[in-house]
Amino acid sequence: VLSVNLPVSNLSVITVSDMSGKEIYRREVKLSHGENLLECNLCPAPGVYLVSVKSGVWQGHTKWTVEK
């Protein structure tokens, strides 16, 4: 489950990339203002990933650590 907190409601693109920059997940979804919890059927190998959210002119990035 990914948690995304947006300043405005908008159509958004969520991507997850490994640290080499390879995109492993992409989803376009309508998100609401405030906290959004997203189910993603993604079971990546343990490691560190970059999660990006782009929603109109707003965008945010965070690191996601997956452990065994």
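The model holds 1 salt bridge, a term for a side-chain nitrogen of Lys or Arg within 4 Å of a carboxyl oxygen of Asp or Glu. This is a predicted model: local features need pLDDT of at least 70, side-chain atom pairs count only at pLDDT 80 or more, and totals for chains, interfaces and linings use all residues. Residues are numbered from 1 along each chain as its sequence is written, and side-chain values use heavy atoms, with hydrogens and water left out.

**The salt bridge**

Side chains of opposite charge can pair when their charged atoms come close. Here the partners are E23 and R26, at 3.4 Å from N to O. Buried means under 20% relative accessible area, exposed over 50%, and partly exposed in between (1.4 Å probe, protein chains only).

| Residue | Relative accessible area | Class |
|---|---|---|
| E23 | 42% | partly exposed |
| R26 | 54% | exposed |
| K30 | 57% | exposed |
| V48 | 35% | partly exposed |
| L50 | 33% | partly exposed |

**Strands and distances**

Strands (E, at least two residues) are DSSP runs, numbered from the N terminus. K30 sits in strand β3, residues 23-31. Strand β5 spans residues 47-55 and contains L50. V48 also belongs to β5. Between the C-alpha atoms of V48 and E67 there are 8.9 Å, at 19 residues apart along the chain.

**The nonpolar patch**

M19, V48 and L50 form a nonpolar surface patch of about 250 Å². Such a patch joins nonpolar side chains (Val, Leu, Ile, Met, Phe, Trp, Tyr) within 5 Å, from residues with over 30% relative accessible area and no salt bridge. Areas come from the Shrake-Rupley method with a 1.4 Å probe.

**The largest pocket**

A pocket is an open set of points on a 1 Å grid where a 1.4 Å probe fits, with protein on both sides within 12 Å along at least five of seven lines; lining residues have an atom within 4 Å of a point. The largest pocket has a volume of about 160 Å³. Its lining includes L2, V51, W58 and W64. Strands β1 (2-6), β5 and β6 (58-66) each give two or more residues to that lining. The largest share comes from β6, with 5 residues. By class, the lining has 6 nonpolar, 5 polar and no charged residues. In this count Ala, Val, Leu, Ile, Met, Phe, Trp, Tyr, Cys and Pro are nonpolar, Asp, Glu, Lys and Arg are charged, and the others, Gly among them, are polar.

Methods
Patch = residues over 30% accessible without salt bridge, like charges linked within 9 Å, V, L, I, M, F, W, Y side chains within 5 Å. Helix = DSSP H or I, 4+ residues; strand = E, 2+ residues; numbered from the N terminus. Points joined across faces, edges and corners; volume = space filled by probe spheres on them.
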